[in-house]
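Please look over the sequence and the model below before reading on.

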Amino acid sequence: MSSNVKIIIVGAGVCGLLTAIQLERANMDYIIVEKARTLSPLGSALSLTSACSYILDQLGLLEEIQKKSKPCAKIDYLRDDLSKVGVMHAHDLMNRYGYSGLLITRPTLYDILLSRIPKEKIHWGKRMVSLRQDEHSVEIECEDNLENEGNAPKVTFKSDILIGADGAYSSVRRNLFQSMQDEGIELPKNDLAPLRFDSNCVIGVTDVLTEEEYPALKEKSGDFYVIIGKEKAIQVYLFTFAENRLGFNICGRMDKPEVHDEKDFLFTDWKPTAADELCEMVRHYKCPFGGTVGDLMDRTPKDRLSKVFLEDKYFSTWYHKRTVLMGDACHKHLPFGGQGANQAILDSVSLVNQLYGIPSNSLSDIGKSFKAHYDYRSPNAKEVFKNTSLVAAILGARGIISDMVRFIALGHLPDFINNAGMDGMNAERPYLCFLPPPPGKGSVPPKPQAVPVHYKGGPTVV
Ligand SMILES: Cc1cc2nc3c(=O)[nH]c(=O)nc-3n(C[C@H](O)[C@H](O)[C@H](O)COP(=O)(O)OP(=O)(O)OC[C@H]3O[C@@H](n4cnc5c(N)ncnc54)[C@H](O)[C@@H]3O)c2cc1C
């Protein structure tokens, strides 16, 4: 089934690309505009939950992703002398939800997603700067030549629906909120509050290493370690990837939190970083794969090392008129719970289901889709957001009481509590209503997904 409704997606991140792949399967008319001139090689690990493998399997992407990733059976929490704090087992995911969790590098996943989207659908090097929407259409203006920032020619794109999948410092969100205020709509205070950063993070992926140097690379399943630094609120995350690479994220709390107006981030990007104070603080830490953490940094090309601020924020306003926000643009999670990409993927499935079969481009039909998507997704996204913030607090606190809490929370809880937590993350396993459901079954059935508002048929193959 196709419809004449035209869609613009702003942002070719995980959320934008997955949405595009699903719109392609739905035979709907869309384009993506992306400010980067090409795919960024930056980024370390993305961990994909069983819930996401469900939709990736339905879309026929899982096999390739499995070949280029490692299943993750557990997370080991260590002190900086490598003594054990606890372990979280994830080996039961396959039995409970039909799929294991996966560890993959961000650029590898992007390569796979990009390969499924026709080249002409992506407009690279277009930074969306403003939007205008009314009864009839939505129009965005983009700067077209990123090399001449401030002096760039402008291009415009027009459509019926605008999807803001442009990340934590979303221009779509900023413009949308401004236009709503101009219309006299009062927004929740928290939605307008500036972003607050109290941590930052250096991430990297090494060159290809040998199994002789790092025997952990031989293992079929992926290793995931979290080292909790003693002196400061520092954590070092270490991963094995397929293709014999190791990855690291070094997260540290800043001495003074910084509050920024969103406009400060207009030109914020994931950029390569030079040697950093954070790196120097942990360089001497022993590495559970052998040698030190510094050795991994030395084996990382400079263009694959980047530094970012960390913030988390849940926005209550996700849509208005013809524009809807998705992924980090409306719920930015801290990386500690590994949920950013997963929540973005779940958003994309829910929205495409609600757009499928939309009979017209009227504000009323679009509004019904957006409302059904929000009603289904927002409670789960908010719950996961709270849990991620709690994990961050547990990992970041220091002192004897915090040590005890970590000891209990990270691996010494009864199975039924651990399982309840896992069920919370994996019970919602949305899939596309218009394709045959994915084959994977587990002992914990998926929660029923929202009824698509416009599509009334059963699953069909397109
Ligand atoms: C380069 C990069 C590396 C990352 N590495 C990691 C990592 O190692 N680990 C981790 O947990 N998370 C990482 N993330 C974040 C992670 O990808 C997201 O938290 C999660 O996948 C949600 O994705 P998203 O699509 O909502 O947002 P994002 O992944 O942030 O994607 C947003 C996209 O929108 C584009 N964009 C932004 N503003 C505009 C604009 N005005 N006009 C047009 N396009 C715009 C951006 O360039 C980007 O491609 C990284 C993000 C980026 C951009």
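Predicted model: local features only at pLDDT ≥ 70, side-chain atom pairs only at ≥ 80, totals over all residues.

Residues are numbered from 1 along each chain as its sequence is written.

The largest nonpolar core has 121 residues, and V10, I163, V236 and M326 have the most contacts inside it. Such a core is a set of buried Ala, Val, Leu, Ile, Met, Phe, Trp, Tyr and Cys residues joined through C-beta atoms within 7 Å. A residue is buried if 20 or more other C-beta atoms lie within 10 Å of its own, exposed if 12 or fewer, and partly exposed in between, with C-beta atoms placed from the backbone. In soluble globular proteins, nonpolar side chains tend to be buried together. Neighbours within four places in sequence aside, I163 is in contact (C-beta atoms, placed from the backbone, within 7 Å) with I7, I8, I9, V10, T19, V324 and M326.

Around the ligand there are 32 residues, the closest being G11, G13, G43, G327 and G340; the criterion is a C-beta atom, placed from the backbone, within 6 Å of the molecule. Two or more residues of this shell come from each of helix 1 (14-25), strand 3 (45-48), strand 9 (127-133) and helix 10 (340-355). Helices (H or I, at least four residues) and strands (E, at least two) are DSSP runs, numbered from the N terminus. The shell has 16 nonpolar, ten polar and six charged residues; Ala, Val, Leu, Ile, Met, Phe, Trp, Tyr, Cys and Pro count as nonpolar, Asp, Glu, Lys and Arg as charged, and the others, Gly among them, as polar.

V14 belongs to helix 1 and counts as buried because it has 27 C-beta neighbours inside 10 Å. Sequence neighbours within four places aside, V14 is in contact with G327, A341, A344 and I345.

In helix 13 (residues 415-426), the buried residues are M422, M425 and N426. Seen down the helix axis, they fall within an arc of 85° (taken over directions from the axis to the C-beta atoms), so they line one face of helix 13. These residues pack against helix 2 (50-58), helix 4 (93-97) and helix 11 (363-396). The face turned away carries the exposed residues F416, I417 and A420.

Most residues other than glycine have a negative phi. N27, in the loop between helix 1 and strand 2 (29-33), has a positive phi near 60°. N244, in the loop between strand 15 (234-241) and strand 16 (245-260), has a positive phi near 55°.

How values were computed: Expected span 1.5 Å × (residues − 1). Contact = placed C-beta atoms within 7 Å.
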